[in-house]
Amino acid sequence: MLDPHKLLIDVGNTSIKYTRLVMSTETQTNEAIRGESQRVAFGKHSTNIETFQVMHADIEELDDLIAQASACFFCSVKNDELSAHIKALCKKAQIPCEQATTKASQFGVKNVYSNEQNMGADRWMAIIAASHIGNIKGFDNVIVIDAGTAITCDFLVGHQHIGGWIAPGMQLLRDSVVNNTTRVFDDQTLPTTLMAGTDTPECVAQGALAQTMGFVAQAKQLMSDYCDDFECIVSGGDARLIAETGMSGIQVYPNIVLIGLAILASHNNIIPPLHTR
Ligand SMILES: Nc1ncnc2c1ncn2[C@@H]1O[C@H](COP(=O)(O)OP(=O)(O)O)[C@@H](O)[C@H]1O
Ligand SMILES: CC(C)(COP(=O)(O)O)[C@@H](O)C(=O)NCCC(=O)O
Ligand SMILES: [K+]
């Protein structure tokens with residue numbers, strides 16, 4: 001049987017990611033939190049923040065994952081039916097469940113949207129995590145880029161959200177050029193270095209990589225108009241690919257959304273009940 005843990009779930013448009021937050025005995029005093037296999041430290045004395053091991057789940061696996069957990073925190077940018085399904089599974093397992101939603105303001109960060117409900121909860125969790133990491137690492141200014149189905153960027157200047165961008169992610173870029181032309185085709189190879197393509201699929205792969213790298217470079221360029229010193233966090237399914245290009249000045253966090261959920265879970269007073277099943 002697993003240790004009592006809070007299950008964190010990030011439901012994106014392409015995949016469901018999760019990790020387990022194991023509450024250690026010192027949790028009450030220093031809010032230390034252990035991810036599945038790596039340590040993530042929170043709290044004012046912490047200087048060490050590492051990323052969780054991120055696992056992927058199918059919808060069918062959620063039942064078992066939730067049955068093993070003591071509490072569940074999730075965020076979703078998919079349909080309400082899937083959120084209702086997760087809540088129903090938690091009810092069946094008799095565990096507390098909290099769905100993260102985008103707030104006008106939370107943990108000292110204000111959302112710049114006039115209607116914050118329009119912002120995806122995954123972006124808000126990424127913003128909360130970015131502000132937290134900035135606090136720990138001594139950065140007041142942070143860019144957080146989530147390279148998922150869509151690639152999003154949010155700018156935090158002086159710990160305040162000033163706005164962001166939404167654009168097609170790498171797979172969408174590749175699909176859209178293939179689907180809207182007659183002769184362009186793709187073989188789905190993943191490029192690791194930016195270079196000039198020498199046949200159609202290579203040109204498609206390289207074109208998507210170039211646009212994605214351009215997105216990151218432009219984010220850094222815009223941020224430098226606001227401040228001299230900032231951290232640039234890159235996350236999501238394509239984060240590693242972006243890092244492999246050798247782009248400088250980026251920090252990869254495989255899933256920044258789960259770190260946001262961990263912060264939410266560690267501020268939440270739900271005490272995981274002892275699991276007896
Ligand atoms: N094995 C894979 N399956 C699907 N997408 C992948 C895979 N490897 C890399 N990717 C890339 O990751 C993106 C999805 O990233 P992810 O962070 O899971 O997105 P989301 O949060 O929107 O579900 C895809 O658009 C694709 O470009
Ligand atoms: C921009 C997103 C599609 C990103 O989701 P993802 O690609 O990670 O699945 C999602 O955050 C969303 O649906 N947002 C709503 C619009 C907004 O954030 O303004
Ligand atoms: K995401």
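1. The model is predicted.

2. Domain 1 puts in 18 residues, and domain 2 puts in 18 residues. On the side of domain 1 that touches domain 2, β6 (71–76) and α8 (256–267) each supply at least two residues. The most comes from α8, with three residues. By type, the residues on this side of domain 1 are eight nonpolar, eight polar and two charged.

3. Helix α4 runs over residues 121–137. Its length checks out. At 1.5 Å a residue, its 17 residues should span 24 Å, and the end C-alpha atoms are 24 Å apart, so the two agree.

4. Is α4 enclosed or open to the outside? Of its 17 residues, 14 are buried, so the rest of the structure largely encloses α4. Just after α4 comes Gly138, with a positive phi of about 80 degrees.

5. Asp146 deserves a look. UniProt lists Asp146 under "binding site", in an unreviewed entry. Asp146 sits in strand β10, residues 142–147. Asp146 has 31 C-beta neighbours inside 10 Å; the cut-off for buried is 20 or more, so Asp146 counts as buried.

6. What does Asp146 touch, leaving aside residues up to four places away in sequence? Its contacts are Asp122, Ala126, Ile151, Thr152, Ser235, Gly236 and Ile256.

Note on methods. Residues numbered from 1 in each chain as written. Chains lettered and ligands numbered in written order. Predicted model: local features only at pLDDT ≥ 70, side-chain atom pairs only at ≥ 80, totals over all residues. Contact = placed C-beta atoms within 7 Å. Helix = DSSP H or I, 4+ residues; strand = E, 2+ residues; numbered from the N terminus. Nonpolar A, V, L, I, M, F, W, Y, C, P; charged D, E, K, R; others polar. Expected span 1.5 Å × (residues − 1). Buried ≥ 20, exposed ≤ 12 C-beta atoms within 10 Å, placed from the backbone. UniProt positions renumbered as here; feature names shortened; annotations may be inferred.
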